[in-house]
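The sequence and structure are shown first.

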Amino acid sequence: MDIPLWVWLATIGGMIAILVIDLAIVDHPWSKKSGPREFGMKQAAWWAVFYIGIAILFGLGLWYFGGTTVAGEYFAGFLTEKSLSVDNLFVFYLIMSAFAVPRKYQHEVLLVGIVIALIMRGVFIVIGAQMINAFSEVFYAFGALLIYTAVKIVHDHVKGGDEDKDFTDTFAARMVRKFWPVTEDYHGARLTVKQNGRRHVTPMLMVIVAIGVTDLMFAVDSIPAIFGLTQDPYLVFTANAFALLGLRQLYFLLAGLMDRLAYISWGLAFIMVFIGVKMILHALHENHVPVPEIGTGLSLGVITGVMVITVVASLMRSRGRLGDGDRSKSVTSGSTSE
């Protein structure tokens with residue numbers, strides 16, 4: 001799809017405008033109260049729906065101007081990246097828990113994380129597009145990387161890799177501590193403070209460093225995944241951008257549901273394997289090997305179906321556990337009363 005420069009500039013400008021509005025939503029400059037605020041579940045839910053609605057409207061616009069194939073590739077990419085973003089949020093949740101970030105300052109951390117993620121993915125999109133244009137064999141590497149990532153996701157989920165990881169003692173965190181002393185307490189949203197005549201960094205900076213490194217690792221996984229669904233740089237960028245926008249609100253909406261999404265890692269792993277196989281088949285086809293290719297419609301159907309089944313199964317499992325807990329409480333209370 002040949003996209004004029006003015007469309008690129010308008011799209012990027014629109015993304016920046018949405019980020020500015022997103023920041024204004026949290027800060028409430030028109031309110032009498034000053035300082036950062038916490039999001040309630042209801043407020044987060046409304047804004048999460050709003051941002052998903054914008055992404056859907058953009059996809060309908062692509063369908064109107066570009067046709068069903070273009071819209072299908074965008075929606076498949078958006079669903080995949082949104083699913084991966086939920087996995088990102090789980091790691092962000094662990095990082096901010098490890099650093100004990102006050103809830104009222106988590107907005108700023110998430111905003112910086114989203115901006116870093118957009119920049120990282122923009123760089124990887126440019127690199128990935130150049131590699132694909134240079135030689136089609138890169139699809140073999142991308143496909144193998146996605147299958148390896150799927151295996152790693154399942155392995156970490158079974159072993160509890162993310163939960164056991166100490167995000168406060170990573171290589172990046174040790175490098176920061178090597179050059180600057182770190183304060184024990186937060187100083188609002190400030191990244192550095194001066195104490196006893198010496199410049200110190202705050203835990204807020206340490207959190208941002210940890211999330212920045214995490215964004216880099218996730219970009220390595222997510223960009224090959226979406227290139228397996230579409231090779232159009234504009235669709236890759238917009239699907240990624242819309243998947244990341246509204247992530248702050250989604251974080252506060254899902255923060256209380258993290259433990260209930262028990263099968264999310266399994267669903268993501270299946271999608272990774274599916275896209276990895278799709279990329280390898282595409283590479284074989286490009287090299288004139290008579291193998292079937294997986295179309296956009298089938299990709300969209302599989303990704304949507306897997307995520308629906310994953311979420312429903314997770315919620316059913318969580319509901320069953322809650323039911324068992326209620327029954328055990330009633331049995332305990334009954335035996336006590338006797």
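In this predicted model, Y74 is in contact with A55, F58, G59, L62, L235, T238, A239 and F242, once its neighbours within four places in sequence are left aside. Y74 also belongs to the largest nonpolar core, which comprises 89 residues. Together with F99, V101, V207, F227, L250 and I275, Y74 is among the members that touch the most other members of this core. Helix 3 gives the most to the core, contributing 13 residues.

Helix 3 spans residues 68-98 and includes S83. Is S83 buried or exposed? The relative accessible area of S83 is 7%, which lies under the 20% limit, and S83 is therefore buried. Apart from its neighbours within four places in sequence, S83 is in contact with L268 and M307.

**Helix packing**

Two packed helices are described by the angle between their axes and the distance between the axes. The table gives both values for two pairs.

| Helix pair | Angle between axes | Distance between axes |
|---|---|---|
| Helix 2 (residues 41-66) and helix 10 (residues 247-254) | about 135° | 8 Å |
| Helix 3 and helix 11 (residues 264-286) | roughly 140° | within 10 Å |

How are helix 3 and helix 11 oriented to each other? Their axes cross at roughly 140°. Angles over 145 degrees count as roughly antiparallel and those from 65 to 115 as roughly perpendicular, so helix 3 and helix 11 are oblique to each other. Helix 3 passes helix 11 in a left-handed crossing. On the side of helix 3, the residues that meet helix 11 are T80, S83, L84, V86 and D87; their counterparts in helix 11 are I264, S265, L268, I271, M272 and I275. By class, the residues of this contact comprise seven nonpolar, three polar and one charged.

Helix 2 passes helix 10 in a left-handed crossing. Helix 2 supplies M41, A44, A45, W47, A48 and Y51 to the contact, while helix 10 supplies Q249, L250, F252 and L253. The residues of this contact divide into nine nonpolar, one polar and no charged.

How values were computed. Residues are numbered from 1 along each chain as its sequence is written. This is a predicted model: local features need pLDDT of at least 70, side-chain atom pairs count only at pLDDT 80 or more; totals for chains, interfaces and linings use all residues. Side-chain values use heavy atoms; hydrogens and water are left out. Helices (H or I, at least four residues) and strands (E, at least two) are DSSP runs, numbered from the N terminus. Buried means under 20% relative accessible area, exposed over 50%, partly exposed in between (1.4 Å probe, protein chains only). Contact means heavy atoms within 4.5 Å. A nonpolar core is a set of buried Ala, Val, Leu, Ile, Met, Phe, Trp, Tyr and Cys residues joined through side-chain atoms within 4.5 Å. Axes are lines fitted to C-alpha atoms, for helices over the stretch in contact, and angles run from 0 to 180 degrees between N-to-C directions. A crossing is left-handed if the near helix is turned anticlockwise from the far one by less than a right angle, and right-handed if clockwise. Ala, Val, Leu, Ile, Met, Phe, Trp, Tyr, Cys and Pro count as nonpolar, Asp, Glu, Lys and Arg as charged, and the others, Gly among them, as polar. Angles under 35 degrees count as roughly parallel, over 145 as roughly antiparallel, 65 to 115 as roughly perpendicular and the rest as oblique.
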